[in-house]
Amino acid sequence: MTKVTLKDVAREAGVGTATVERVLNDRGGARPETVEKVFFAARKLNYRHGLPQAHRGLIRIEVILVRPDTSFYSRMNQAFERIAALLDKSIVVHRTFARENDPVDFAHHIANPAVRRSALIVVAPDHPEVVVSLRAVASRGTPVVQIMTRPAPELPYVGIDNYAAGRTAAYYMSKMLVGRRGPFVALCHSGAYENHKERIRGFSSYLAEHAGEHLFRQVMFDYDDDLNSMELLRGALRDAPEIIGLYTAGGDNRSVAAVLKEHASRRIFWVGHELSEQSRGALRAGIMSIVLDQAPEIQARRSIDLTLRSLGLIDIEVSPEPVRFLTITPENL
């Protein structure tokens, strides 16, 4: 094979040969954007030359997550940390936690990062300003991957099929409660995330298509606040003692388990999301019936792979299919 030369790298990067020589030999004087172009070109052409120590961490992938105190995002954060430790030293995965309850500030951070980034992976609220910022970043040529939820449908997404998850919850609930007449209710974080809205749409659509003994009575928004979810659920069970099924589309397992334990004699069939210590305990205790886990570790790995491919750093195919969610019962914990 023909040996790759500095001229080849320069041509691919769209810069002069002297610039390539300066970057690869760490002589300074090149802008970060230019250094990145040279690096990508050298990697693409498989130019056998080590990157100078000064440019370690040149490729910066920012991951914006929310709610680090929750079990799900803690799992996802740890997954990104483990993946980052195995990457080439030229690549840094910088994890940031943003405030989901301030979408304007969230949108500002997306559009105006504190440090220069090469790519963005983000859990983005479904807010007009956030979507505008996502599209603006992508239009400037920065790879953007939406993870968990997809407010900008034209941009790449890694996550489960949330509509299918909602339908699956309704399917199990309906099939397991054949012969018991009564309504179902749902708890949801809010309308801030497209994934939660899709789950509720799926849950509702299945029940509408299979009208019979079970009706979808109401959806309650608790913002994943323990006290709020307990108050809402207690109120619903007090006002409608005929309720036999509960779907929690968010991650509020601890508070829900406490309330349903108080009403254990009513044998309410509960389907929720995310395998955590709380949901494990609820499954073992017979309070929770089914957990739909969306495998954050797989989402993290696939989003990094998709980003690296978008940057031209790997050439493996990354599946465009939704991540498969897992059905967990007391029998397969």
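Predicted model: local features only at pLDDT ≥ 70, side-chain atom pairs only at ≥ 80, totals over all residues.

Look at strand β9, which is covered on both faces. On one side are Phe269, Val271 and His273, and on the other are Trp270 and Gly272, all of them buried.

How many residues of β9 are buried? The count is 5 of the 5, so the strand is largely enclosed by the rest of the structure. Buried here means under 20% relative accessible area.

Now the neighbours. β8 and β9 pair in the parallel sense, with 3 bridges between them. In that pairing, Gly245 is the residue standing opposite Phe269 in β9. Next to β9 there is also β10; these two run parallel as well, joined by 3 bridges. Here Val271 stands opposite Ile290 in β10.

Helix α10, residues 253–262, lies across β6 (184–188), β8 (245–248) and β9 (269–273). Relative to β9, helix α10 runs at about 170 degrees.

Stepping back to the sheet, which strands make it up, and in what order? There are 6 strands, in the order β7-β6-β8-β9-β10-β11; the sheet is open and the pairing is mixed. At the edges are β7 (216–221) and β11 (326–328), each of which pairs on one side only. Neighbouring strands in this sheet are turned against each other by 15 degrees on average, ignoring direction.

In what sense do β10 and β11 pair? That pair is antiparallel, over 3 bridges, with β10 covering residues 290–293. Across it, Asp293 stands opposite Leu326 in β11.

Last, the whole chain. The protein chain has 12 helices and 11 strands. Its C-alpha trace spans about 80 × 40 × 35 Å along the principal axes. Of the 333 residues, 51% are buried. Among contacts with a separation of 6 or more, 67% are between residues 24 or more positions apart.

I can go back to any of the strands on the screen.

Notes. Residues numbered from 1 in each chain as written. Heavy atoms only, no water. Helix = DSSP H or I, 4+ residues; strand = E, 2+ residues; numbered from the N terminus. Buried < 20%, exposed > 50% of the residue type's maximum accessible area, 1.4 Å probe, protein only. Contact = heavy atoms within 4.5 Å. Pairing = 2+ DSSP bridges. Axes fitted to C-alpha atoms, helices over the stretch in contact; angles between N-to-C directions.
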